[in-house]
Every structure is written in C-alpha cells, then in structure tokens.
2 protein chains.
Amino acid sequence: MTVTLVPKVNSDRLNRSIAQLAEIGKLPGGGVSRVAFTQADLLARQLVQSWMIEAGMAVRIDAAGNIIGRYAGLKEGAALATGSYIDTVPVAGRYDGVLGVLAGIEVVKILNENNLRLEHPIEVIVFTDEECSVIGCKAMAGNINSDPEDYRRRDGTPIQACLELIDGNWSQIATAKRNSEEIAAFVELHVEQASILESTGTEIGIVKGIVGQYRYGVTVTGRPNHAGATPMNMRQDALVAAVQMVLTVNRIGTETPGEQVATVGYLKVSPNAVNIVPGRVEFALDLRDLSQTHLDESIGQMKREFKAIATATETQVEIAQKLHVLPTIAAPQIQKTIRQVCQELGMSYTYLASRAGHDAQEIGRFTEMGMIFVPSRCGISHAEDEYTSPEQCTQGANVLLQTFLKLDWFYK
Amino acid sequence: MTVTLVPKVNSDRLNRSIAQLAEIGKLPGGGVSRVAFTQADLLARQLVQSWMIEAGMAVRIDAAGNIIGRYAGLKEGAALATGSYIDTVPVAGRYDGVLGVLAGIEVVKILNENNLRLEHPIEVIVFTDEECSVIGCKAMAGNINSDPEDYRRRDGTPIQACLELIDGNWSQIATAKRNSEEIAAFVELHVEQASILESTGTEIGIVKGIVGQYRYGVTVTGRPNHAGATPMNMRQDALVAAVQMVLTVNRIGTETPGEQVATVGYLKVSPNAVNIVPGRVEFALDLRDLSQTHLDESIGQMKREFKAIATATETQVEIAQKLHVLPTIAAPQIQKTIRQVCQELGMSYTYLASRAGHDAQEIGRFTEMGMIFVPSRCGISHAEDEYTSPEQCTQGANVLLQTFLKLDWFYK
C-alpha cells in the first residue's frame, strides 16, 4: 500500500450525508433540534449505524450508549479513533459534532471501497449526549460519578432510563472505560465555532489543546446609600469596586502572553436603583487557558488584586470557585502530522487553542489526542445559521484521512 | 423690643408636638406612614392647623393645598417665611419635613406667648405633597405644568380630586404663585438625611445651596459572543467599555474640586450569562452639583471620555438626558446670619450643600432662601429608624428663631 494510491474523500457523498442527517429534527430556519435521547436522536443514531455498516465497520454500543464503529486493520490491537456526536442543543445548526462523525465514516468508506486497510483498526465513535451530560466521553475516560442523579435530564428523566433507550446500561457504565492500549490516538474533526480561521482566511486549524477552565462567583459588598446625600469620600460603593475588578480580569486576560481568555459575562448590582449608591455587586468570572500553571497564576493574581481593590474601596470581596476543568494538550506528534498533511495538500493552516469543550478533551486524558478545525461562518454555532461550506467540510475530511494514513505509520 | 428679651423655644412642647404628630399614621416600628392625600395626611393637616391657630396665626389654604399660617408683623408687607411638609413616603421616620413645620410653629408660639411681634409678618407654610408630586412648592414658585396628568397619583387618582380633598383647586392653581414682594426670605429647618454633621460632631449645618441634578441614561453596545471561543483581541465587550465609563464618573465625581456627587446606581448587562461576552450594557448616571457651570463642565467631560472609551473598545455609546434640575444657591446674607446665630449660641456649625431636594429649592427660585440642617443619626432617612434627638431638634428651632430675629432687622 502506498499513500499516493489513496483517493480523496467523496465530497458529494459526505455533504449529502450531512444534509440527510439534518432532515432528522429539522427546523424551519435550516437548523436542527435533536436533543440526546429524543426520538430524533434515536432515529439519527439508527441512520448513522447503517452508514457505518455500509462502510464495512462492525458496530457495537457500549454501556454509556456510545456507538463504536470499527473497521478492521491489518493487525488487531490499538485503534486509531475519530468521531464526535450527533445530538444537539435544542436549537442548533447542522455541522457541530455531525461533521466529525460523518467525515470519519466517509474516510472509512473511501478506504473500504478502495479495498484499503491500515495497519491499525479504525474506530469511528458517536459519543453520547455531548451537549448536556457529556456522559459518553466521560464514561470512556472513566470519569463518571457514581451518583446517577448527577446526570438526570433537565426534564427530570433519570439517566438510567435514557441509557436504556439507546442500548446503554448505567449499572455497567464502568465497562465503557478504555485506555491507550485500545486507542492509540484520537483525532476529532470539528467546526471551529469561532472566527479565527474565517477572519484570517485560513483553511485548517491545528488545535494545540483544549483549554482548562475556572469559573468563580465574586461578591463585592459595600454599603447602600443615598446617591444625592452621600459625599464621594463617605461612600463604600460596591460597583466602583467591582468595575475595577472587571478591568483587572480584562487586563490579565488581554496582556498576559498566552492563549487565555478571561470574561465577566454576568454582573448584578443591588439594589440597582438610579439614586442609590450600590451596596452589593455579584459577578461571574470565567477564565480559560491551555496551561494549568498559567491558569493558577492568573487566578492567583486576580485574587490578590481583588483584595487590594476591596481594601482601597472599603468594601469586602468574597471569591468562590464554581467550576474547574483541567486543560488537555494535543499530542505534539498529532499536531505535527496535521501540519505536514496541510503542507502536502497545499492548505493554509494555523495553530490555535480550542476554548470550547469537546469529546477529545476527555479522550485526551487517557490517550494521545488531536483536533482538526474547519472554519465556521462568523464563528456562529448553536444557532440555525451555523455554516461551514461543502468545500470546507471536504477539506477537513481529507485532512483527517491523510492524518490517519500518516499516524498509521507513526504508531505502529 | 430687644433680642435679649426673647426666650428660647419650649423644647418639651416642640418635641411633644413631634411625638403627637407621629401618632397619626404610626407604624409598629416607630415610624410613620402618611402619604399625601390619605386619611392620615388629612388628619395631620387638621392638627397642624389647630396648632397654628393656637400660636396666634391666621390660617389659609392656597389653590395648591399649601397651608399658610401667618403671624402678623408690626408692619404689613413681605413676610419672613419658614416651613416644610408633613406628608411622608409610604414608610418613613417622624422628623423628615415635620421638624421644619413644627419648629416654625413653636417659634411663633414663643413670640406670641411673650407678646412679641417682628417688623415682618411670619409665615409658616406646610407644602403639599413634597414626597411625590412636589406640587405645593412648585405651585408657589409658578412652576406647574398645565397638564394635570403630570401630577396624577401612582394609584391613578387625578390631582384635581386630590387637591379637592385638602381644599385646594387645580383650576385656580396659578393663584398659588407668589413673589419676593410677598415673601422677603424663606428659611427651612430640616434634618440632614446624611451623616456629615454626625460624623464630624457638628451641631448645625448651614446650607450653601441645594444642588442641581442631571440624570442620564447611557447605553453601550458591543457584540455578544462566546466567552470561551472568542479571543480577547476579537471582542467588542460592552461591559469592559461600561466599567471604564463608571470609573470615569467616579473619578470626575471624586477628584474635581467642588460639592458634586456622581453616581452610577443602576447598571444592567445583556445577555448577562456567565459564558457570553456582554453585548450591551445600560447604566444610569446621576450627577449633582451646586454650580450649574460645574455640572455642565462635568457632564461635558464625561461625554467626551465616554466617546473615547467607546472608540477604544470598538463599542457604540448613546447618552440620553433624562432629568435636569437647576441648582438653588442659599442667599449669602441668610448663610451669614445663621453663622452669626450659631456663634452667639455657642453651637458648632459647618457649611454644606444639600444634595437632596427640598421645598426651599423651589421657593429659592423667586426669593432669598436659606436652610438650617440638624444631624440625622447614621444619615438614615425615609426609614422608620430615622432619628434626631430632642436636643438636636430644639437646637435647630432655636437657630431658626434667632435667625428670624436677625433677618427681621436685615430685610426691613
């Protein structure tokens, strides 16, 4: 087998499959509503399994309901895996998640119709409920809490009942756990969901890693007072303190070298009346970075500055951690391989951090992980007008195919 | 007649009258609820009129419902006037407004029981509905809009019906207007409703003037975006812009020399979600100053800085004026007289601006105006635990009495 014999993916077939899947749960505005465990999700899972079988894969469902299509390799043993998800948020576009799954199936179809097999088996995985409980990839990484209540649906349905609908089994969920001897590498193709690629006119994003995240709730307490009668030097204005903290967050987010983003998206003033000096402000701080060390340094610096601001403004500040997700770094070898593929295919590329979560974030906790991004128009996602062109979808799938071919040599 | 013959006010009687009036509309926590035009307000008006008559005053009600008690002078002509109001916000203390009215009546009682008359008639005025429509003092200043809908009560009652309840007459309201030939000077005693006097251990506040006020609505528009996926340099974060504007307001309020206060008490973020870069922020700016020139300079400076911040943050800012009240300066002669009285009585005093509105603000638009402040515990007002001690009330009334005696010589 030589690489040059391998054709490109079938662009028409890939894009037809994306359109066909978008018929299930179709919305009037061109988008899709296919929340996990709904009838639409079940139908879509059936369709995708039939395509896997057409592509020559053996299909199994693990205890977490993950659909695992396996295309045998010349040798048995650790697989090269790809995949993503086909469930959606309640109002979604047609590319988020779907592209990664259908491009994986298309890659296998092309190999299969050309009677080609890699040394490694190839797995295409549809992870369960990426958009809400994230239970599929977490189960595969062995990161499931023992309490099923932690995964209960918003509509009240217990997770056990949900998993039964898709042939999963909560009581056996520990068996969904896998390791690097089973999966040598995992490469996920995904739409960017941001606009770096589009705004720089770049075709392929090589993901350096998926950021870790801290979320904090910050409460600043001053003293509410009459805005007319209270002289400036007798105020303990919680908003005047809080706005300085927001600027601190923005400054550290902007000026520190690195991949971080730092955001105050939520801020609430009390009593929030035109003529009352604010007595209390609550705000939420969201900080994401590829480097855990850097995350810790940034949050440490913010906390120190918040306390200094509180002292200077005679207010009190409380800082409570609400969320912590560890970053996952993409394997250097996979990043390098994607770059070589882009160069050989003549595609423009750039390195970037993924600041949204992905199944690859969990899978990367037990094996080597990489991600390929293609552009999203205007960075829009989780909306009906999410759009990646057929050519861009095809380019992503071709990069995935060539990356698998190269990794097949590297990991053997 | 010589000043030295005049006794001090009767402290017991003054404070008994305050307690007695507080029985009407009494609340369980020691406060009072006596909203204008309610049964409690009507009862209180009857009681106060009876006290005016006891003090030797002729009482009339003008078309705005203002109660005007007049104690004849040795000469007819322009009066020296005092007064305030006895209506309250829905949950109030017992001193705000009431002290000014009852101290005025006590001053006249003392003169009357000592068979003393000034050259000038003395008027004690109870202004109608200071806490809501402010219709009494505005009518006396001739600043009433022709549309009665502008004064409709929050419960829907037309102002015409309200005025009828208190023997006023909307159709004749223009007749309530007065001028400086009728009132040579107006001196209002009031609780401070702030804590400058208490915190500095000062007995009497000599009001330099009542601040003017601007109120603006400011809207900052950026672009909402995913807080994870949007790099710092691709954001148009409306909150990052708005917080710089809040700091500008605070800096100009704090650092500019003068009596101004500048407040952002209301601020609303949209969409206000933890993981979304704010797309829009609305906030309210309240600016008060004794000097209209200074007010205009400050607001001009703020507008320039807001626009520069918007440009730097790639956001848009809209600034809309919501309110403008002109400042009223206390007559220098009245300020000087109050100071001399404090010195002669051995009371500590300080000059200060009134940053809350008062009837004197309107009366000062057509005649010479002054105000005497006594301390409010912790600056609390419009609350049941509003408190000024009996001694402090008496001190204020004595300053009012002596001020009238001196002004009687000055204005003749």
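Chain A is built from eleven helices and 15 strands. What you're looking at is a predicted model, so treat this as a tour of a prediction.

**How the two chains relate**

Take chain A, turn it by 180° and shift it by 0.1 Å along the axis, and it lands on chain B with an RMSD of 0.1 Å. That's the relation of a two-fold axis. Which residue of chain A has its C-alpha nearest the axis? That would be Val243(A), at 2.5 Å from it. Both copies also use the same surface: 100% of the contact residues of chain A turn up again in chain B.

**Where they touch**

On the chain A side, 42 residues are in contact with 42 residues of chain B.

Which of them gives the largest share? It's α7(A), with nine residues. Sorted by class, the side of chain A that touches chain B holds 24 nonpolar, 14 polar and four charged residues.

**A helix pair in chain B**

Now for a look inside chain B. Helix α1 (residues 11-21) of chain B and helix α3 (residues 98-113) of chain B have axes that come within 10 Å and cross at roughly 135°. That angle makes α1(B) oblique to α3(B). As for its hand, the crossing of α1(B) and α3(B) is right-handed.

Which residues meet there? From α1(B) come Arg13(B), Leu14(B), Ser17(B), Ile18(B) and Leu21(B), and they meet Val98(B), Leu99(B), Leu102(B), Ala103(B) and Glu106(B) of α3(B). By class, this contact of α1(B) with α3(B) has seven nonpolar residues, one polar and two charged.

**To sum up**

One is the two-fold axis relating chain A to chain B, with α7(A) supplying nine residues to the side of chain A that touches chain B. The other is the right-handed crossing of α1(B) and α3(B).

Note on methods: Residues are numbered from 1 along each chain as its sequence is written. Chains are lettered from A and ligands numbered from 1 in the order in which they are written. This is a predicted model: local features need pLDDT of at least 70, side-chain atom pairs count only at pLDDT 80 or more; totals for chains, interfaces and linings use all residues. Axes are lines fitted to C-alpha atoms, for helices over the stretch in contact, and angles run from 0 to 180 degrees between N-to-C directions. Helices (H or I, at least four residues) and strands (E, at least two) are DSSP runs, numbered from the N terminus. Angles under 35 degrees count as roughly parallel, over 145 as roughly antiparallel, 65 to 115 as roughly perpendicular and the rest as oblique. A crossing is left-handed if the near helix is turned anticlockwise from the far one by less than a right angle, and right-handed if clockwise. Two residues are in contact if their C-beta atoms, placed from the backbone, lie within 7 Å. Ala, Val, Leu, Ile, Met, Phe, Trp, Tyr, Cys and Pro count as nonpolar, Asp, Glu, Lys and Arg as charged, and the others, Gly among them, as polar. Copies are superposed by least squares on the C-alpha atoms of residues with pLDDT of at least 70 in both.
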